[in-house]
Amino acid sequence: MKRISLVNRLWAALPLAFVYGLSLSLIPTVPLAAKMPASGEGIFKQSCQSCHPGGSNIVNASKPICGSSKLSTLAIFKAYLQAPVGHMPYYKHIIADKPALEALYKYCKTLKKGALEQALHNGLSGKDARG
Ligand code: HEC
């Protein structure tokens, strides 16, 4: 008698376990949809570093990030990223994410002139390093 009731209880619990398992399996797909690095440095490495290693500008050397007037305030920085000039890409997902934009802004402000030379010295751009 006792055994049967235990089996019955297990069966009753099954749909619950199924729903629970299903919801667990769905969880990872939601937050991973927007995969933004947590730190300003991470965002910079993912989105900006390719053209701006160390805060320089390898596409247009006269327009580096370090020392740029576009870093005067967060509002100016945001406005620039919202309407970038020339070959600067448009970063909708960063602009839309306030904490990410602020973190990126703070990181860009830490970039100092001469960082490119340091980066090249460290072999960051590998065999493409000129001079
Ligand atoms: C595909 C290459 C490329 C990428 C990637 C890129 N930039 Fe640029 N960036 C440029 C170019 C080219 C310019 C110069 C535009 C012009 O004025 O002709 C520029 C200019 C800038 C300037 C203004 C410099 C000045 O004083 O005029 C800032 C600030 C800047 N980029 C920030 C960023 C940030 C932040 C990211 C990442 C979110 C980024 N860029 C990603 C190519 C790039």
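Below is a working chat about a predicted model of a protein with a ligand.

Q: How many helices and strands are there in the protein?
A: The predicted model has six helices and zero strands. Read from the N terminus, the order of elements is α-α-α-α-α-α.

Q: What share of the residues is buried?
A: Of the 131 residues in the protein, 15% are buried.

Q: And the contacts, what percentage join residues at least 24 apart?
A: That figure is 59%, counted among contacts between residues at least 6 apart in sequence.

Q: Let's take a helix pair. How do the axes of α2 and α5 cross?
A: Helix α2 covers residues 40–47 and helix α5 covers residues 98–110; their axes cross at roughly 85° and come within 7 Å. Angles from 65 to 115 degrees count as roughly perpendicular, so α2 is roughly perpendicular to α5.

Q: Which residues meet there?
A: From α2 there are G40, E41, I43 and F44. On the α5 side they meet A100, A103, L104, K106, Y107 and C108. By class, this contact has seven nonpolar, one polar and two charged residues.

Q: What does L104 contact, leaving aside its neighbours within four places in sequence?
A: L104 is in contact with G40, I43, F44 and I94.

Q: How many residues does the largest nonpolar core have?
A: That core has 14 residues. Those with the most contacts inside it are I43, I94, A100, L104 and C108.

Q: Which helices supply at least two residues of this core each?
A: Those are α2, α3 (74–82) and α5. The largest share comes from α5, with six residues.

Q: Staying on α5, is A103 buried or exposed?
A: A103 lies in helix α5. It has 21 other C-beta atoms within 10 Å, and the cut-off for buried is 20 or more, so A103 is buried.

Q: What does A103 touch, not counting residues up to four places away in sequence?
A: A103 touches S39, G40 and I43.

Q: Where is S39, then?
A: S39 sits in the loop between α1 (2–26) and α2. Its C-alpha atom is 6.2 Å from that of A103, although the two are 64 residues apart along the chain.

Q: Why does S39 count as partly exposed?
A: Because S39 has 13 other C-beta atoms within 10 Å, and a residue is exposed at 12 or fewer and buried at 20 or more.

Q: Back to α5. Why does L101 count as buried?
A: L101 is found in helix α5. It counts as buried because it has 20 C-beta neighbours inside 10 Å.

Q: Which residues is L101 in contact with, leaving aside its neighbours within four places in sequence?
A: L101 is in contact with K78, I94 and I95. The C-alpha atoms of L101 and L81 are 9.7 Å apart in space, and these residues are 20 apart in sequence.

Q: Changing topic: which residues come nearest to the ligand?
A: There are 23 residues around the ligand, and C48, C51, K63, S68 and G86 come nearest.

Q: How does that shell divide by class?
A: The shell around the ligand has 12 nonpolar, nine polar and two charged residues.

Q: One more loop residue. Where does P84 lie?
A: P84 is in the loop between α3 and α4 (92–95). With 13 other C-beta atoms within 10 Å, P84 is partly exposed. Leaving aside its neighbours within four places in sequence, P84 is in contact with P89 and Y90.

How values were computed
Residues are numbered from 1 along each chain as its sequence is written. This is a predicted model: local features need pLDDT of at least 70, side-chain atom pairs count only at pLDDT 80 or more; totals for chains, interfaces and linings use all residues. Helices (H or I, at least four residues) and strands (E, at least two) are DSSP runs, numbered from the N terminus. Two residues are in contact if their C-beta atoms, placed from the backbone, lie within 7 Å. Axes are lines fitted to C-alpha atoms, for helices over the stretch in contact, and angles run from 0 to 180 degrees between N-to-C directions. Angles under 35 degrees count as roughly parallel, over 145 as roughly antiparallel, 65 to 115 as roughly perpendicular and the rest as oblique. Ala, Val, Leu, Ile, Met, Phe, Trp, Tyr, Cys and Pro count as nonpolar, Asp, Glu, Lys and Arg as charged, and the others, Gly among them, as polar. A residue is near a molecule or strand if its C-beta atom, placed from the backbone, lies within 6 Å of it. A nonpolar core is a set of buried Ala, Val, Leu, Ile, Met, Phe, Trp, Tyr and Cys residues joined through C-beta atoms within 7 Å.
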